Amino acid sequence: MGNVTVIGAQWGDEGKGRVIDWLADRADVVVRFQGGNNAGHTIVVGNSTYKFALLPSGVVQGKLSVIGNGVVVDPWSLLDEIERVRTQGLTINPDILVLADNAALVLPLHRDLDAAREARAGAGKIGTTGRGIGPAYEDKVGRRAIRFCDLSDPAALETKIERLLAHHQPLRAGLELPEVTAEALLAMLLAVAPKVTPYVKPAWRVLDKAMKDGRLILFEGAQATMLDVDHGTYPFVTSSNTVAGQAATGSGVGPSGGGYVLGIVKAYTTRVGEGPFPCELRDEIGERLGVRGNEFGTNTGRKRRCGWFDAVLVRQSVAISGIQGVVLTKLDVLDGLDTLKICTGYRIGARVIDYLPAGLSEQAAVTPIYEEIEGWQGATRGARSWKDLPAAAVKYVRRIEELIGAQVAAVTTSPEREDIIIMRDPFRG
Ligand code: IMP
């Protein structure tokens with residue numbers, strides 16, 4: 001038995017929360033290693049629906065849940081989320097939740113900057129979640145971020161705030177945003193500090209001990225490979241590394257700590273926000289997928305763009321993240337379609353290519369090469385074993401497996417926790 005890293009292999013919203021919930025049952029520790037409250041993981045247990053943006057999904061089952069150094073944390077949003085899930089009956093305390101002392105904070109000035117830039121970008125806007133994630137990562141890389149460890153050192157905090165504002169004031173003036181005073185920011189941070197510091201620890205030590213004690217760790221990725229700041233459809237990406245390699249860097253466990261890499265793949269493709277999407281369907285089939293798949297953002301409520309399954313993209317994600325197996329989600333959304341299409345390659349003019357190029361104009365210029373595959377009239381919805389699936393659905397899954405070059409470890413057939421067909425246990429590698 002070994003650790004497992006779960007990542008999205010398309011543009012996010014593949015249903016990672018639900019898969020994490022399945023795996024968290026047997027894990028001892030669940031770790032978030034990148035992103036922030038731009039994520040939205042939904043878990044349905046019986047009549048309760050839990051929506052997480054920052055908390056690792058392991059909190060549903062009372063597992064030790066770690067927010068690693070690679071995450072940018074909006075402490076006010078985190079506290080709201082903690083309160084919200086407490087009212088749903090979950091227990092959150094410092095025995096269960098650990099915040100990495102070296103994680104950077106998302107501040108209100110980051111949200112201001114995110115919103116102001118998007119508002120001015122016109123057609124060039126990224127379509128961000130507006131949560132300040134990009135600006136917070138900019139400050140982290142720029143070495144002027146406020147981190148959790150700074151909250152318990154008020155003298156150092158003052159100096160850090162000065163340094164931060166020396167960068168932000170001119171930016172804010174240029175964007176016609178009101179000035180933020182050092183006193184106001186310091187007061188805000190000192191007010192929130194006692195509420196979060198009980199959770200703050202050297203998370204890498206907690207994880208090191210867990211590994212030495214032979215405890216199983218589940219790394220919970222947010223967003224997805226095609227939104228990775230290096231490997232995604234740049235600049236229409238998020239501002240963190242979302243690939244599996246980040247599990248190690250974003251939590252401090254070393255390259256082999258992440259264990260088995262499980263990619264989560266929706267049985268079709270969706271994307272929120274702007275950016276290239278070669279298989280997008282702007283027709284009634286796209287609408288149908290959106291309605292049947294309830295393709296609206298967990299946190300932002302935004303409508304997701306929908307399209308056919310793109311095997312080129314997923315094959316690329318398999319390579320970039322070293323994905324060893326995938327969970328194919330939402331197969332039931334395709335029930336009742338006469339014909340399905342799978343993208344197997346791209347055309348740019350007369351050229352045929354089998355990968356998504358890095359350049360934005362080339363990405364925008366590719367047109368999909370489709371293979372048609374027979375649909376199924378019977379229902380896959382609620383199926384819990386292979387033998388419950390129509391033959392054409394099995395064929396669809398097998399064809400995807402062949403095209404992406406990774407095994408399908410499981411298939412989900414409804415949002416319900418139990419509606420999953422499991423072929424392979426990721427903890428066994
Ligand atoms: P940001 O992460 O808010 O800066 O947004 C950058 C891009 O990533 C936008 O296209 C967002 O729609 C997308 N994005 C961020 N988080 C998620 C997510 O959890 N699911 C899907 N897309 C996301």
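Me: A crossing is left-handed if the near helix is turned anticlockwise from the far one by less than a right angle, and right-handed if clockwise; which hand does the crossing of α3 and α4 have?
Reply: This is a predicted model, in which local features need pLDDT of at least 70, side-chain atom pairs count only at pLDDT 80 or more, and totals for chains, interfaces and linings use all residues. Residues are numbered from 1 along each chain as its sequence is written, and side-chain values use heavy atoms, without hydrogens and water. Helix α3 covers residues 108–120 and helix α4 residues 133–141 (helices are DSSP runs, H or I, of at least four residues, numbered from the N terminus). The crossing of α3 and α4 is right-handed.

Me: What is the orientation of α3 relative to α4?
Reply: The axes of α3 and α4 come within 7 Å and cross at roughly 120° (lines fitted to C-alpha atoms over the stretch in contact, with angles from 0 to 180 degrees between N-to-C directions). Because angles under 35 degrees count as roughly parallel, over 145 as roughly antiparallel, 65 to 115 as roughly perpendicular and the rest as oblique, α3 and α4 are oblique.

Me: How do α3 and α5 lie to each other?
Reply: Helix α5, residues 154–174, packs against α3 with the axes 11 Å apart and at an angle of about 30°, and α3 passes α5 in a left-handed crossing. The two helices α3 and α5 are therefore roughly parallel.

Me: How far is a polar side-chain atom of Thr129 from an oxygen atom of the ligand?
Reply: Thr129 is among the residues that come nearest to the ligand, along with Asp13, Asn38, Thr238 and Arg302. From a polar side-chain atom of Thr129 to an oxygen atom of the ligand, the distance is 2.6 Å.

Definitions and conventions: Near = heavy atom within 4 Å. Polar contact = N/O pair within 3.5 Å; in protein donor to acceptor, adjacent residues only side chain to side chain. Left-handed = near helix turned anticlockwise from the far one by under 90°.
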